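This briefing sets out selected features of one protein model for readers who work with coordinates.

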Amino acid sequence: MISETTSRGTQQKIFKNDRIYKFNHFGYEDIAEVLVSRLEAFVCGIDYIDYNFDCIDNKPVCYSNSFKLPGCQEITLYRLLNYFEDFSALKMSCSGKEYMNLIEDRVFQLTGLNIHGYLAKIIMLDSITLNEDRHLNNISVRRMEKGGFEVMPIYDNGMSLLADIKRYPLSIGYNFQVGMVKARPFDDSFKQQVELFQDAGLLKIDIEAFYKDLTEAEAGWYRFFDGRSQMYERAKGVLLSQLERMEGISWVRR
């Protein structure tokens, strides 16, 4: 049963000049956020948050523009679903497809949104990036100022690409460690989660354009990797190997 809904840790954030700056807590979350958002730019039909590198007080950070809209309210699925008094009890007794159906049905009752396709994109992306922190507080909808709801852009990918170097030490090869990562929230297997959403279709990625963009972007990034080049090379290696491993399973070439 995979029904956890809370994060493993609280990441320090600073809000400044309409930007959100995120500090590293477990390892190289900034590198993971930027690499994943770079990939998302070449995935067809997804709305995502763009992250970039920066430094604050000589500490590496990543930042995005604020994605909060005036007059609108962001509501996480965890908060939304707990409007139902029986949800806590129900979620403890189900997993996999049953849990997925429970969440989708309850969200539809409260918002009128069919989130199956939205969840499919998140789950398939996570299977590529090995995001181990996709709890229900990292999936949200937005209540619009004039009424109605919409899904939020995909966000919070910092715990991807083996970013937690305490759990996944740099001294151990990543090819061994990728099999240790547990998925969330419907099953602890990334492939099993992907199978739940096969009816939604696979992600379409302009992969050649992504490879070209990544090569061009790296030249401007290395100044943020002082003493951390091993972290970047591992994160990139994990991403590229996962793209190869998951092609035809969670994504296809555009």
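**Strand pairing and local features**

Strand β2 (residues 19-23) pairs with strand β4 (residues 59-65) in the antiparallel sense, over 5 bridges. The model is predicted. The points below begin with the sheet to which these two strands belong, and then turn to other parts of the chain.

**The sheet of four strands**

- The strands β2 and β4 are part of an open sheet of 4 strands, in which the order is β1-β2-β4-β3 and the pairing is antiparallel.
- The edges of this sheet are taken by β1 (13-16) and β3, each of which has a single partner strand, so one side of each is left without a neighbour in the sheet.
- On average, neighbouring strands of this sheet are turned by 35 degrees against each other, direction ignored.
- The strands β3 and β4 form a hairpin with 2 residues between the strands, where D57 takes a positive phi near 50 degrees.
- Helix α1 (residues 29-40) lies across β2, β3 and β4, and the helix runs at about 35 degrees to β4.

**The sheet of three strands**

- A further open sheet has 3 strands in the order β5-β6-β7, with antiparallel pairing.
- The strands β5 (73-76) and β7 (149-151) stand at its edges; each has a single partner strand, so one side of each is left without a neighbour in the sheet.
- From one strand to the next, the twist of this sheet averages 30 degrees.
- Strand β6 (residues 140-143) and β7 run antiparallel and are joined by 3 bridges.
- V141 has V151 in β7 as its bridge partner.

- N17 is found in the loop between β1 and β2. Its phi is near 50 degrees, a positive value in a residue other than glycine.
- The relative accessibility of N17 is 67%, so N17 counts as exposed, the cut-off for this class being over 50%.
- L130 is placed in the loop between α5 (116-129) and β6. The phi of L130 is near 60 degrees, again a positive value in a residue other than glycine.
- L130 has a relative accessible area of 5% and is therefore buried, since the buried class lies under 20%.
- The peptide bond from R184 to P185 is cis, and its omega is near 0 degrees.
- P185 is found in the loop between α6 (174-177) and α7 (190-196).

**Buried residues in helices**

- T129 lies in helix α5. With a relative accessible area of 0%, T129 is buried.
- Leaving aside residues up to four places away in sequence, T129 touches V36, L39, S160, L161 and L239.
- S241 is found in helix α9 (residues 229-246). The relative accessible area of S241 is 15%, so this residue is buried.
- The side chain of S241 reaches the backbone oxygen of V238, at 3.0 Å.

**Aromatic rings and a charge over a ring**

- The structure holds 13 aromatic pairs.
- A cluster made up of F53, W221, Y222, F224, F225 and Y232 is linked by ring pairs.
- The charged end of R106 sits over the ring of F84, and the distance to the ring centre is 4.4 Å.

Conventions. Residues numbered from 1 in each chain as written. Predicted model: local features only at pLDDT ≥ 70, side-chain atom pairs only at ≥ 80, totals over all residues. Heavy atoms only, no water. Phe/Tyr/Trp six-rings, centres within 6.5 Å; stacked < 30°, edge-to-face > 60°. Lys NZ or Arg CZ within 6 Å of the ring centre and 35° of its normal. Buried < 20%, exposed > 50% of the residue type's maximum accessible area, 1.4 Å probe, protein only. Polar contact = N/O pair within 3.5 Å; in protein donor to acceptor, adjacent residues only side chain to side chain. Pairing = 2+ DSSP bridges. Axes fitted to C-alpha atoms, helices over the stretch in contact; angles between N-to-C directions. Contact = heavy atoms within 4.5 Å.
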